[in-house]
Amino acid sequence: MTAPVRPAPPEHRRYRFDLRSTALFFVFLAVVLVVVGLALRTLADAAERRPAWVFVLIALAVAALLSLRRRLRLARVARRAATALDEAAREAAHALDAPPPVPRQRPAGDVVTGRGGVVVEQPEAVLDYDALTPEGFEEAIAALCERDGCSAVEVVGGAGDLGADVLAVTPDGRRAVVQCKQYCETNRVGSQDLQRFGGTCFTVHEADVAVLVTTSDFTAPALEYAEQCGIVCVNREALLAWTDGTGPRPWETDPALTATGADPRASDADLAATIPLDGARGTAQHLTADGSGC
């Protein structure tokens, strides 16, 4: 068997001293120094004869440096903006290419009678929302919607949901889009969460009723943004009231309800909890346990 021959390592090339190249380099350096010296002397003579021109040249040089600096800064900003747009386009293309979320099957639980005499199944232990997984919390909210007469209830939360966790049709035929935020009590829902949800709930999911439900509370800027966009905010206290039937249902506070009339199955307390809203989309309601808006 022939033994493999290792290639010899390349020898380091040694550069020989070239007198001609060295002499040419020093000649070129001397010429440059002479030219620079003559230019400086000419500028000095011109400054002595006409001092005003010196200030003009200095001002022009400073203006040129500032303009160059500004252009470089604008170029950096443009590159960053182009990078951000490119990333956003890739994310949007990835979201469009991703398969639609598959509705999860909710586990069967206790059979209960909701308001209006509707008999539906309700998952067990829905009152302890903190003990549920995020998927279980979404399923519990879907069970509440189904308990109170909603139809076509689907849990669609997950990758590529674009802000929608639960989809349903209210008893009066409106499309409800619900986002669920299972936060601890010290972590309130901020305006960024509302902005992300508000950017897709109406335009992408075509919601008639947009609801954000949380086990925590909302910050003041978040409530202000929700009021401008017409998003119904349900905090922990309102969620517990909705669960035990003492509070209003989220879609009862939507602006379209006051324009089309209340649900005929709602009680007097439910109708009193419905607050008239103004505007094309209306004013968002921050539900509390007694059904009042703030």
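Strands β5 (residues 175–181) and β6 run parallel and are joined by 6 bridges. The model is predicted, and it holds 6 salt bridges. A surface patch of positive charge is also present, with Arg 70 among its members.

- Ala 176 stands opposite Val 209 of β6.

**Salt bridges**
- Arg 174 pairs with Asp 172 at 3.0 Å, N to O. Arg 174 is buried at 9% relative accessibility, whereas Asp 172 is partly exposed at 37%.
- Glu 252 and Arg 249 form a salt bridge, with their closest N and O atoms 2.6 Å apart. Glu 252 is buried at 4% relative accessibility, and Arg 249 is buried at 1%.
- Between Arg 236 and Glu 185, the closest N and O atoms of the salt bridge are 3.5 Å apart. Arg 236 belongs to helix α6 (residues 236–244) and Glu 185 to the loop between β5 and α4 (191–201), so this pair ties together parts 51 residues apart in sequence.
- Arg 236 is partly exposed, at 23% relative accessible area, while Glu 185 is exposed, at 56%.
- A network of salt bridges links Asp 130, Glu 185 and Arg 236.

**Positive surface patch**
- Arg 69, Arg 70, Arg 73, Arg 76, Arg 79 and Arg 80 gather in this patch.
- Arg 70 is located in helix α2 (residues 51–97) and is exposed, at 60% relative accessibility.

Note on methods. Residues numbered from 1 in each chain as written. Predicted model: local features only at pLDDT ≥ 70, side-chain atom pairs only at ≥ 80, totals over all residues. Heavy atoms only, no water. Patch = residues over 30% accessible without salt bridge, like charges linked within 9 Å, V, L, I, M, F, W, Y side chains within 5 Å. Areas by Shrake-Rupley, 256 points an atom, 1.4 Å probe, with all protein chains shown as cover. Salt bridge = Lys/Arg side-chain N within 4 Å of Asp/Glu carboxyl O. Lys, Arg positive; Asp, Glu negative; His and termini not counted. Charge placed at Lys NZ, Arg CZ, Asp CG, Glu CD. Helix = DSSP H or I, 4+ residues; strand = E, 2+ residues; numbered from the N terminus. Buried < 20%, exposed > 50% of the residue type's maximum accessible area, 1.4 Å probe, protein only. Pairing = 2+ DSSP bridges.
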